[in-house]
Amino acid sequence: MRTIDIYRSDQGRQAVAAAYEEVLRRWPVPAQRLTVPTRLGDTFIVASGAPDRPPLVLLHGSSTNATIWMGDVPVWAEHFRVFAVDVVGEPGGSAPARPPLGSADYADWLDDVFDALGLTQAAVLGASLGGWLALDYATRRPERVSRLVLLCPGGVGRQRMGWLLPVLLLRPFGAWGRRRSMEIITGLDGAQVRPFLDHMSLILRHFRPRTQRLPIFSDDALATLTMPVLAIVGERDAMLDSHATVRRLRKAVPHAVTTLLPGVGHAIIGQAVPILRFLSS
């Protein structure tokens, strides 16, 4: 698979890598760093929890990496072997490969990841783009997904573009503008999330995000989801139509558990315990 230039400069790539390494040093539980070969290139994974526990595979969103799970991993790692996978083509430790969304390439890539980790089946949790990838995999490989958790998933409700103009207008304002852009995109603000927003601001400065719209799954595709499904979305999501996501899932996947969080934007935080209850039920 041909790789692409996902950073604006080599200096930017090094800056993002250094910041990522610094955050990884603060991983909140004992962990292993794994690199596994796949047909899309090497894939980096942070593994936490005892090896004999049931597997849980985490897929992060666009323009992020495994660090988005740091607040949740301590809860899940007590009960699961947690694999936080860096998605290819994103600013983490995996290969800079971006095959077209909607192709079979991402499901084939996850097959390789599962096989390298020795997983026949696993619970899969995805956020945003990671939610799209989790859905894509579950519809193509339902026998390999024991439970499916979706946080603000792409591919169900339409993508919104109203956030784009404010972000473009904030671009000339340097670090402050990038931080404010991340607040608009994620719906987060406040001192408690400042380190995360600063990390995302650094990525925004140097990284070339995906521009392809996420393909929308048909009702027929969603109806193939026979495993237990939990979807949690934010009422005020600036990126995706969360109300449409809930409506479509309730219609096409009637056994799915759906939660619409009032006043919450695109970034879903503080849901580790409800997710654990679903995964353990």
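In the predicted model, Ser63 lies in the loop that joins β3 to α2. Its backbone is marked by a positive phi of about 65°, although Ser63 is not a glycine. Most residues other than glycine have a negative phi. The relative accessible area of Ser63 is 16%; because the limit for a buried residue is under 20%, Ser63 is classed as buried. A positive phi also occurs at Cys152, where the value is near 40° and the residue is again other than glycine. Cys152 belongs to the loop between β6 and α5 (164–170), and with a relative accessibility of 4% Cys152 is buried.

Cys152 is among the residues touched by Ser128. Ser128 itself is placed in the loop between β5 and α4 (129–140) and, at 14% relative accessibility, is buried. When residues up to four places away in sequence are not counted, Ser128 touches Gly61, Leu151, Cys152, Pro153, Gly154 and His266.

With neighbours within four places in sequence left aside, Ile269 is in contact with Leu188 and Val193. The C-alpha atoms of Ile269 and Leu151 are separated by 9.5 Å, and the two residues are 118 residues apart along the chain. Arg213 is located in the loop between α7 (194–206) and α8 (219–222). From Arg213 to Ala127 the C-alpha to C-alpha distance is 16 Å, across 86 residues in sequence.

Helix α10 spans residues 272–280, and its buried residues are Ala272, Ile275, Leu276, Phe278 and Leu279. These residues lie on the same side of α10, because they cover an arc of only 160° around the axis. An α-helix has 3.6 residues a turn, so residues three or four places apart point the same way. The cover over the buried residues of α10 includes strands β3 (55–59), β5 (122–127), β6 (145–151) and β7 (229–234), together with helix α2 (73–76).

The largest nonpolar core is made up of 44 residues. Within this core, the residues with the most contacts are Trp109, Leu148, Leu222 and Leu225. Leu225, leaving aside its neighbours within four places in sequence, is in contact with Leu135, Ala138, Thr139, Leu148, Val253 and His255.

By residue class, the lining of the second largest pocket comprises 10 nonpolar, 3 polar and 4 charged residues.

Definitions and conventions:
Residues numbered from 1 in each chain as written. Predicted model: local features only at pLDDT ≥ 70, side-chain atom pairs only at ≥ 80, totals over all residues. Heavy atoms only, no water. Buried < 20%, exposed > 50% of the residue type's maximum accessible area, 1.4 Å probe, protein only. Helix = DSSP H or I, 4+ residues; strand = E, 2+ residues; numbered from the N terminus. Arc of directions from axis to C-beta. Contact = heavy atoms within 4.5 Å. Core = buried A, V, L, I, M, F, W, Y, C linked by side-chain atoms within 4.5 Å. Nonpolar A, V, L, I, M, F, W, Y, C, P; charged D, E, K, R; others polar.
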